[in-house]
Amino acid sequence: LSDGSTHPARLVGAHEGKGIAVLKLEGPEATPAPELGRGRDLGLGRWLVTFGNPFGTEKVEAPLIGFGILSDRSTNAERYDAFLTDAPINLANVGGPVVDMEGRIVGVAIVSISPQDAILPYGLNSGIGFVIPIEDVLELVPMLEADGVVRFRPGFLGVRLAEEGGDGGVKVLNVIPGTGAARGGLRAGDVIQSLNGMTITNGTV
């Protein structure tokens with residue numbers, strides 16, 4: 001802890017897909033907790049700070065600290081709703097907190113894409129890092145505390161849509177076999193004109 005004390009902890013639950021784990025600290029009841037921010041509301045260009053443990057050793061007096069800006073918002077490899085930053089993210093700080101300039105935790109650092117493609121030699125980073133907003137992390141915590149696992153998987157429609165949509169809807173470019181879209185009868189060339197009763201205009205509802 002910040003006072004230099006150490007305490008054992010046990011694993012309560014983990015979500016391997018997002019690299020998030022809940023640990024139960026077997027120690028003092030009144031453990032100080034950092035303030036949480038609002039990761040989903042951060043604007044582009046905001047400064048961010050990352051923290052990590054260099055070289056995976058406990059024999060360091062201070063964490064590895066990196067700085068960067070929030071540069072974009074993206075969905076990472078169809079697995080994460082995340083925002084992008086140029087703050088250094090590597091094996092030293094993946095899974096660690098990302099904070100704003102007021103010291104509030106606004107997210108958790110994750111690897112950029114799939115592990116086999118994204119992880120560079122230890123201590124290096126690709127220059128593009130992804131951060132899960134802290135709100136998304138907190139939504140998983142009750143499930144991990146209750147069951148130790150997350151018992152749902154994000155929905156996946158299974159289509160690729162044209163980037164430019166017209167007033168008549170959005171065109172389906174291709175459909176992945178075996179997905180919900182294929183079972184529902186969608187085919188390449190179809191034009192989706194409405195969604196849940198809402199008309200699609202310029203690619204949005």
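For sorting a lining by class, I count Ala, Val, Leu, Ile, Met, Phe, Trp, Tyr, Cys and Pro as nonpolar, Asp, Glu, Lys and Arg as charged, and the others, Gly among them, as polar. I note that the model is predicted.

Entry 1, the largest pocket. I read a volume of about 1000 Å³ for the largest pocket. I find 23 residues lining it, and the closest to its centre are Ala21, Val22, Leu23, Pro34 and Ile105. Sorting the lining by class, I get 17 nonpolar, four polar and two charged residues. I then asked which element gives the largest share of the lining. I found that β2 does, with six residues. I also see that β2 (20-25), β7 (105-110) and α2 (134-147) each supply at least two residues of this lining.

I located His15 in strand β1, residues 9-15. Is His15 buried or exposed? I class His15 as buried because its relative accessibility is 18%, and the cut-off for buried is under 20%. Leaving out residues up to four places away in sequence, I list Ile20, Leu140, Leu144 and Val150 as touching His15.

I checked residues 129-133 and found five of the five buried, so β8 is largely enclosed by the rest of the structure. I see Gly129, Val131 and Pro133 pointing one way from β8, with Phe130 and Ile132 pointing the other way. I recall that side chains alternate between the two faces of the sheet in a regular strand. I looked up the pairing next: β7 and β8 run antiparallel over four bridges. I note Pro133 in β8 as the bridge partner of Gly107.

Technical notes: Residues are numbered from 1 along each chain as its sequence is written. This is a predicted model: local features need pLDDT of at least 70, side-chain atom pairs count only at pLDDT 80 or more; totals for chains, interfaces and linings use all residues. Side-chain values use heavy atoms; hydrogens and water are left out. On a 1 Å grid over the protein atoms alone, a cavity is a set of points where a 1.4 Å probe fits but cannot get out, and a pocket is an open set with protein on both sides within 12 Å along at least five of seven lines; lining residues have an atom within 4 Å of a point. Grid points are joined across faces, edges and corners, and a volume is the space filled by probe spheres set on the points. Buried means under 20% relative accessible area, exposed over 50%, partly exposed in between (1.4 Å probe, protein chains only). Contact means heavy atoms within 4.5 Å. Two strands pair if DSSP finds at least two bridges between them.
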